[in-house]
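This report looks at the overall build of one chain and then at individual residues. The sequence and the structure come first.

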Amino acid sequence: MFAYYFQLGLRSLKRNPALTALMVMAIGFGVAASMITYSVFRAVSGDPIPEKSSQLFVPQIDSWGPQQNEDGKPPGALNYVDAMALQRAHQSSRMTLIYSLMLSALPHDGNSVPSQVMGYAVTGDFFPMFDVPFLYGSAWSNADDDNRASDVVISDSFNQRMFGGANSVGREITLSGHDYRIVGVTRHWNPSPRFYGVWGESGFGDPPDFFLLLNRALDLKLDNIGRSSCRGHLTFKSWDEWLQSNCVWLMPWVQLNTSADVARYRQFLESYAADQQRAGRFGWAPNVALDNVPQWLEKQHVIPQESRVSLVVALCFLVICLVNTIGLLLAKFMRRAAEIGVRRALGATRHEIYSQYLVEAGSVGLAGGVVGLALTAAGMSGVGLLFEPEIARLAHLNMSLVGLTMAVAVMATVVAAVYPAWRAAQVQPAWQLKSN
Amino acid sequence: MQIQPILAALRKHKAGTVLIALQIALTLAIVCNALFIIHQRLAHIAEPSGVDEANVFVIENMWGEQYNTQQAAANVQQDLVTLRNLPAVQDATQSDSYPLSITSGSDNFITLKADQIEPTTDATVYSGDEQFVRTLGLKLIAGRDFRADEVQNAGQRDVVVPAVTIISKALADRLYPHGDALGKSFYSMSSTPVTIVGIVETMQRSRLGAWSMPYAEQSMVWPLRDASPLGVFYIVRAKPGELAAAMQEAPKALYATNRMRIINPKDGLLSFAQVRHRAYDSDRGMAILMGLICMVLLAITGAGIVGLTSFWVGQRHRQIGVRRALGATHRDILHYFLTENLLISLGGVAIGIVLTFGLNLWLVTRFQLGIMPLAYVLMGVALLIVLGQGAVFAPALRASRVPPIEATRPA
């Protein structure tokens, strides 16, 4: 019966090509606009580390006080003094501190010019905490952290550029004039958004080229190229004075496996801040926060405003297209009232009429889905026009989006057809036959 | 024209009437808000930078080795001499950032008293030498430029608070609203005051994010030479009409004097047109997207009205024939359908106005959009009524051509 209704539907669509084309185009445009904006939204709003996002936390301590903090909240990063204190306290199973670096790399062929490489200074716990996959070698140990070793982990693409992809573990590399020993090469790894460094970053840039041992980077006075924020009078005149200032710039992450651990760590932060108040360093009551990955990304507004607004507008657009479709389907179905009257008189039940017209609407939806798919594919190449390149490249048409496009088109049209099909099923056979 | 019979007829077509009205209402809400977003974004894009954009380009120069303050300062000085000696170059200066840079730059809080904790306002700080104002083409409207002996070196994490500064008019007006800022001083995250020696007409901020909106165009230049170990921006002004030549020769000349530097091939060398393009990328994108959605939406709504009205005309063929047979003219029939559409449209826009402000209010709370002026809604209402009348015209014309003989034919 379904196949027969489907054929009837197609035949009826051919009968009013203009009306049909209008419905198909409306659904196509509505679905395409929604899918294009949704694909961008999906790309920027995903969970970057689903298996661990509820065990990784950013500890925050208000080191500025109620008069200078932002909206009463602790700043999104730590100053050097607090960061080192948390590190020494060892209150979490794992902890890392992160800041961004930009260095120069000189290829070994001697006469070429240096190139710019981007990476992070991190502690050894970084790699197991964030499940960084290794191609060669491994992370450095906590003992290496304490020994302030000149260790570096590089990415596969950087390894490709510098060593032609060979196993470079144990070799030396010179970055901005200093030599480092390569202990590991990561596989391609770039969680999106790059949650671990989003304080002041967009979170959607190119993957880092290297990870440098934090203590070594600090010893060499390699400066943070990421955000740093200070309050009050700035009096530092050198790197060492800067480290002692109230400027926040170090991004802390802790791993807490159970809710009991989380509660304990929160308590530890409170008591740390209370100690600082007692010692006279903070002139205010403890104000701390502990956010897991989703909470942290929400707080940092990682999803660009453009993405949300355009998704909302596109969905409204789809709704209007559907209202339009309801009207046109109603017109189309009711024009065939006489035909329905004959069928009803010959014994078709209301239910049969109803399902016939829903199937017919479904075929309109299918055609709309195909048009929508074509428009979505075309629109994907235009996403670069609407969003920054680093976000635009995240949006792409994959199988799940193709399936979703078709499903949304058919479902939406069938939902739109519920009322018109019901009206068609209500046609009184006697009345129709009489007026004919 | 009698409205009573039209209303009576519409009562027989409740579903169709409601659908058209609803579509007009929703379209009005979306189109008004989209146009408003477009307007706001375009206004943002049109903001002046104060820079002589046609002739200026920027080089992001990163050092290949880690220099100390003296080495870095000497290298910067040498590079500036190299750049100024190029035939196509008019002027060259250095800074830690530049207007509309968006990826670099720092901001300082400003207070009017030394012991004030809550800041009065906030401004972008550019480090610039005595060539900064001239090279960027900033228009000095009061006071003087820096003297060469006022420029100091600022190394890594070395806070140097200068005695003098040149500020933008927007900042001057914020601090001293009576226009008497010249010669006055303020405090910028320091216990020693900075004196305003010059005011430039416009000098846009380096970062343009939503948080910086309240501080738009508030910037200051400090007489500093950026001697940080990381690198420096060279801002270069080409001789009129020689921008392309200057952009080609400048990096070559710099590499020739010192190879241990990085000018990123991707975005290390940007003309100011490229800088502006990059800075307003997402604004332009939103304006284009909203424009596209508006156009397609209006087309679909118009086509929907055509479709549904055509159906009604077809359905009422016989009634139209009867009216014609009873003496109604072509014009009467035409007016009937136009008036019918006008009534539905008026109902639609009435609901639409409520929806428009509802959506606007929601956008205001979620996305700091700004309250929509009434003029927008009135414009949108006019647009939709014209659209409705235009869309209904063709089917109405066809209706008016129904011959009176139709009255005698079976439906």
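## Contacts and burial in chain B

Two residues are taken to be in contact if their C-beta atoms, placed from the backbone, lie within 7 Å. On that basis, residues 24 or more positions apart account for 83% of the contacts in chain B that have a separation of 6 or more. Of the 411 residues in chain B, 46% are buried.

## Confidence of the model

The model is predicted, and the predictor gives the complex an ipTM of 0.85 together with a pTM of 0.87. For chain B the mean pLDDT is 91, and 99% of its residues reach 70 or more.

## Overall build of chain B

The secondary structure of chain B consists of 11 helices and 13 strands. Because its radius of gyration is 32 Å, well over the 22 Å that the globule rule gives for 411 residues, chain B is more spread out than a compact globule. Taken along the principal axes, the box filled by its C-alpha atoms comes to roughly 105 × 50 × 35 Å.

The domain assignment divides chain B into domain 1, made up of residues 4-45 + 282-408, and domain 2, which covers residues 65-259. Between the C-alpha centres of domain 1 of chain B and domain 2 of chain B there is a distance of 54 Å.

## Asp145 of chain B

Asp145(B) is found in the loop that runs between strands β5 (140-143) and β6 (152-154) of chain B. With its neighbours within four places in sequence left aside, Asp145(B) is in contact with Glu130(B), Val133(B), Arg134(B), Leu140(B) and Gly198(B). Ile199(B) is 54 residues away from Asp145(B) in sequence, while the C-alpha atoms of the two residues are 9.0 Å apart in space.

Why does Asp145(B) count as partly exposed? A residue is buried if 20 or more other C-beta atoms lie within 10 Å of its own and exposed if 12 or fewer do; Asp145(B) has 19 C-beta neighbours inside 10 Å, and therefore counts as partly exposed.

## Arg42 of chain A

In chain A, Arg42(A) belongs to helix α2, which spans residues 17-45. Arg42(A) has 17 other C-beta atoms within 10 Å, so this residue is partly exposed. Leu103(A) is 61 residues away from Arg42(A) in sequence, and the distance between the two in space, C-alpha to C-alpha, is 33 Å.

Methods
Residues numbered from 1 in each chain as written. Chains lettered and ligands numbered in written order. Predicted model: local features only at pLDDT ≥ 70, side-chain atom pairs only at ≥ 80, totals over all residues. Helix = DSSP H or I, 4+ residues; strand = E, 2+ residues; numbered from the N terminus. pLDDT = per-residue confidence, 0-100. Rg over C-alpha atoms; globule rule 2.2 N^0.38 Å. Domains from an automatic or database assignment.
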